[in-house]
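Hi,

Here is the structure I promised to pass on to you.

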Amino acid sequence: MLNVQLVDGPPTEVQTFDDEDLAQRLTDHDVQVIREIFKTPLTGSYNWDYEAANAKIRRLYELGKRFNWNAELDVDWNQVPRVEGGEPEGPEGFADHPKWQKLTPEQKREFAHRSAAQTLSQFLHGEQGALMVASQLVSCAPTHDAKLYAASQTFDEARHVEVFHRYLTERCRMIYPINPNLKFLLDKVLTDERWDLKFIGMQILIEGLALAAFQTIRESTKDPVLRDVLDLVMRDEGRHVAFGVNYLEDWIRSLPQAEIEERAQFAYEACVVMRNRLVSTTVAEEFGFTREEALEINNASQGGQAFRKFLFERMIPNLKRVGLLTDSVRAKFEELGVLEFENLQHDGLIDWAVLEAPLAKRGQLAA
């Protein structure tokens, strides 16, 4: 039976799963659907010229067709995480804090487990947002090539939702609610009527954010299953960002300067949110830390600093390439301390050898 509940906002409680919940996934059972409605004045368009006009976009589309991996077949879900003996490790930066020292070994393990689940839950929620934005782009993208690519990206995002949901339910056994600031960004992109702002928001900003987060977790996780999942997802995301940069660079420069400045300001404001407000303190507060303590620890940690570095190493060159690092926002980005990255390689220069490399065999993705 399908039970549908309409809500005014996302859930605020942690969802947990036990063996009975997982067993029910394979049987007929009541399904609870929780829907939050949003409305958008989306303007769609037909395109009556079916010829390929952009060779790079068509090539990216062909790669999307070629590398449609399957979470059921291409990930070995039976791999065992690497476990080290001794005192449980805490999330970076917490281990030296007096409040951490007062926790029992069991509490420390639970803290680390919940921290991982909280982070990965944001991946899941972000991918659902990306799925819906990509589906919008199929309707509102102005050219035939872009519509085809957006369709292939929609399927990519569906696989990402699937694979992160499976990992969270089977390995973490819990899903945390969406970070309110991530929800704010997704709502802004989903409900805006301008197709090019959806491109900017999703292909340049949110996908760039995802790549930075995936790379940070990829370098630190001890779970080979999670490394395999991230390797597969990051291949797709690399194509998505390349699509956005190559498609937007000519379009943005054709706009009136006032509209360019409006989009540049949106990109700057989104970067501020991603830099300063996407850090979650929920788990730390569950274990007695204050919000201020948790934020201070994260900001000083190597992992937090690495995330911000990965984020802007990719974001700033791409914004410059598409024409959104304008004179009016340069000083604002300078205050953020990220203009040092502006001359790094942008994603418009596609590394085809990387994107066209064959998928590794099952269980050998994270070599």
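R330 forms a salt bridge with E342, and their closest N and O atoms are 2.8 Å apart. By salt bridge I mean a side-chain nitrogen of Lys or Arg within 4 Å of a carboxyl oxygen of Asp or Glu. R330 is in helix α13 and E342 is in the loop between α13 (327-336) and α14 (352-355), so the pair ties together parts that are twelve residues apart in sequence. E342 is buried, because its relative accessible area is 13%.

A quick word on where this comes from: it is a predicted model, so local features need pLDDT of at least 70 and side-chain atom pairs count only at pLDDT 80 or more, while totals for chains, interfaces and linings use all residues. Residues are numbered from 1 along each chain as its sequence is written, and side-chain values use heavy atoms, with hydrogens and water left out.

Now the whole protein. You'll find 14 helices and four strands; these are DSSP runs numbered from the N terminus, helices being H or I with at least four residues and strands being E with at least two. The radius of gyration is 21 Å, which agrees with the value near 21 Å for a compact globule of 367 residues (it is taken over C-alpha atoms, and the globule rule is 2.2 Å times the number of residues to the power 0.38). The C-alpha atoms fill a box of roughly 60 × 50 × 45 Å along the principal axes. Buried residues make up 48% of the 367.

Back to the charges. Side chains of opposite charge can pair when their charged atoms come close. How many salt bridges are there by this rule? The count comes to 28. One of them joins E293 and K99, at 2.9 Å from N to O. That pair links distant parts of the chain, with E293 in helix α11 (residues 291-300) and K99 in helix α3 (residues 98-101), 194 residues apart. E293 is partly exposed at 22% relative accessible area, and K99 is partly exposed too, at 27%.

Another salt bridge pairs E259 with R263, at 3.9 Å from N to O. Both lie in helix α9 (residues 257-276), four residues apart, which is about one turn of the helix. E259 is partly exposed at 32%, whereas R263 is buried at 4%.

Two other spots are worth a click. A52 sits in the loop between β3 (31-36) and α2 (55-66), and is partly exposed at 47% relative accessibility. A52 and D145 are 93 residues apart in sequence, but their C-alpha atoms are 6.1 Å apart in space. Not counting residues up to four places away in sequence, A52 touches R58 and D145, where contact means heavy atoms within 4.5 Å.

The other spot is N181, in helix α6 (residues 180-191). Is N181 buried or exposed? At 18% relative accessibility, N181 counts as buried. Leaving aside neighbours within four places in sequence, N181 is in contact with V273, R277 and L278.

Notes:
Buried < 20%, exposed > 50% of the residue type's maximum accessible area, 1.4 Å probe, protein only.
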